[in-house]
Amino acid sequence: MANVTHEDVIAIIKVTGVKLDWEKIDPKESLSEQGADSLDMINIIFAIQEKYGIEITDEAISDGEWLTLDKMLINLNKPLEQK
């Protein structure tokens, strides 16, 4: 299976209705620092889980492993490579 890209994750986030400045998005900076609130982040996590059929643990979320686009890509591409 092909690796997930920034564009793939951004497309998922856009579907959730989260409003961010996509022209200025920094993949290394936390989405919450770029304007996403806690409810937005929950919606993003749920959308990613649904799209890719994975479970994201509360621990992984609280450890900050899903806060940036870059971290999301790393975490998404690991399990997909193992399938």
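Among contacts in the protein chain between residues at least 6 apart in sequence, 57% join residues at least 24 apart, where contact means heavy atoms within 4.5 Å. Before I go further, please keep in mind that this is a predicted model, in which local features need pLDDT of at least 70 and side-chain atom pairs count only at pLDDT 80 or more, while totals for chains, interfaces and linings use all residues. Residues are numbered from 1 along each chain as its sequence is written, and side-chain values use heavy atoms, with hydrogens and water left out.

Now the overall fold. The protein chain has four helices and zero strands, and its pattern, read along the sequence, is α-α-α-α; helices (H or I, at least four residues) and strands (E, at least two) are DSSP runs, numbered from the N terminus. The radius of gyration of the protein chain, taken over C-alpha atoms, is 12 Å, close to the 12 Å that the globule rule gives for 83 residues, so the chain is as compact as a globular protein of that length; that rule is 2.2 Å times the number of residues to the power 0.38. Along its principal axes the C-alpha trace spans about 35 × 25 × 20 Å, and 40% of the 83 residues count as buried, with buried meaning under 20% relative accessible area, exposed over 50%, and partly exposed in between (1.4 Å probe, protein chains only).

Let me turn to the loop between α1 (6-15) and α2 (38-52), where Q34 lies. A polar atom of the Q34 side chain is 2.8 Å from the backbone oxygen of E29, and, leaving aside residues up to four places away in sequence, Q34 touches L20, K24, I25, D26 and E29. S32 also has its place in the loop between α1 and α2, and S32 counts as partly exposed because its relative accessibility is 38%. The C-alpha atoms of S32 and L20, twelve residues apart along the chain, are 9.8 Å from each other.

Next, the largest pocket, whose volume is about 170 Å³. On a 1 Å grid over the protein atoms alone, a pocket is an open set of points with protein on both sides within 12 Å along at least five of seven lines, a 1.4 Å probe being used, and lining residues have an atom within 4 Å of a point. The lining consists of S38, M41, I42, I45, F46, Q49, I56, D58, I61, W66 and L67, and the elements that give two or more residues to it are α2 and α3 (58-62). The largest share, six residues, comes from α2.

One of those lining residues is M41, which lies in helix α2 and counts as buried because its relative accessibility is 10%. Apart from residues up to four places away in sequence, M41 touches L31, S32, A36, W66, L67 and M72.

Finally, what does the side chain of D70 make a polar contact with? The partner is the side chain of K28, at 3.1 Å, a polar contact being a pair of N or O atoms within 3.5 Å, of which, within protein, one must be able to donate a hydrogen and the other to accept it, and residues adjacent in sequence count only if both atoms are side-chain atoms. D70 lies in helix α4 (residues 69-82), counts as buried at 17% relative accessibility, and touches H6, P27 and K28, not counting residues up to four places away in sequence.

Notes
Grid points are joined across faces, edges and corners, and a volume is the space filled by probe spheres set on the points.
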